[in-house]
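Take a look at the chain below.

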Amino acid sequence: MARAARALALARAAEGAAGPGPGPGPGPGRARLVLLPPGGGAWPDPHGWREAVAAAASALQAGGLVAVPTDTVYGVACLAQDSAAVRSIYSLKGRNGAKPLAICLGDVERLYRYCHVNVPDELLRDLLPGPVTLVLQRSEELNKDLNPFTSLVGVRIPNHPFMRDLARACSGPLALTSANISSHGSTLTVLEFQDLWPQLSLVIDGGPIGDIQSPECRLGSTVVDLSVSGKFSIIRPGCALTPTVDILKKKYGLLPESS
């Protein structure tokens, strides 16, 4: 019943959000809405899950922007290696061009292609996948138009089966940011960023993320800079600050960068 009610609310919202875009398909002015089946790709609807992943991957490959559920808040993704799509994300959010975008990958193994890593692999796997963004030195493989003002890049591997499957389905990394206008609050349901729908190619509705009444659920990922050997710096406390710092200090002996 809850899923049916959600579908009805989405249908009504889509009618109001659809702009003058041509035809019924995805594209600027008319976002296609996809309800993500429960089960993480397994029972009861693996076919529907695979269709949702394929639809999102196709929209991204076509240069589109796709709204996605993560393990923290709703996000908007595009292909990080697609310079035009990256510019579209900044335009969508009204984002300061000097604020970097994180990249999103499906597995820790892929991180080494796009970053220079100076911490143990075990440390990466203790934190990823999870609600943490690790800031590392970027490699030459990454699109030079993505954050051209810095030699660093933030990396996310969300602990969310859809995001991991989607990242694996794409040939390169995703650029990922929160689904909201810059300086506005993070979003935990797709209806909360309904104003952005007309500029999106696809909206993947994975249902509410966490407790929508709780401010703590809107904090986003904990962002930690690991680019200096032996040290760490917290850029944003986020939702996983205490366990992240405990792992870095107690298990790996890293020091706060101000030390």
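What follows starts with the chain as a whole.

This is a predicted model. Its chain has 259 residues, and 49% of them are buried. Seven helices and 12 strands make up the listed elements of the chain. The chain exposes about 11,700 Å². Carbon and sulfur atoms supply 55% of that area.

Next comes the largest pocket. It holds about 780 Å³ of space. Its lining counts 34 residues. Arg95, Pro100, Thr177, Val223 and Arg236 lie nearest the centre of the pocket. Which elements give two or more residues to this lining? They are the strands β3 (74–79), β6 (132–138), β7 (152–156), β8 (174–178) and β11 (231–236). The largest share comes from β7, with four residues. By residue class, the lining divides into 16 polar, 12 nonpolar and six charged.

Now the cysteines. How many disulfides does the structure hold? The count is zero. A disulfide is a covalent bond between the sulfur atoms of two cysteines. Consider Cys239. The closest cysteine sulfur to its own is in Cys217, 8.4 Å away. The cut-off for a disulfide is 2.5 Å, so the sulfur of Cys239 is too far from that of Cys217 for a bond. Cys239 is partly exposed, with a relative accessible area of 40%. Cys78, in turn, is buried, and its relative accessible area is 0%.

Technical notes:
Residues are numbered from 1 along each chain as its sequence is written. This is a predicted model: local features need pLDDT of at least 70, side-chain atom pairs count only at pLDDT 80 or more; totals for chains, interfaces and linings use all residues. Side-chain values use heavy atoms; hydrogens and water are left out. Buried means under 20% relative accessible area, exposed over 50%, partly exposed in between (1.4 Å probe, protein chains only). Accessible areas come from the Shrake-Rupley method with a 1.4 Å probe; for residues, only the protein chains shown count as cover. On a 1 Å grid over the protein atoms alone, a cavity is a set of points where a 1.4 Å probe fits but cannot get out, and a pocket is an open set with protein on both sides within 12 Å along at least five of seven lines; lining residues have an atom within 4 Å of a point. Grid points are joined across faces, edges and corners, and a volume is the space filled by probe spheres set on the points. Ala, Val, Leu, Ile, Met, Phe, Trp, Tyr, Cys and Pro count as nonpolar, Asp, Glu, Lys and Arg as charged, and the others, Gly among them, as polar.
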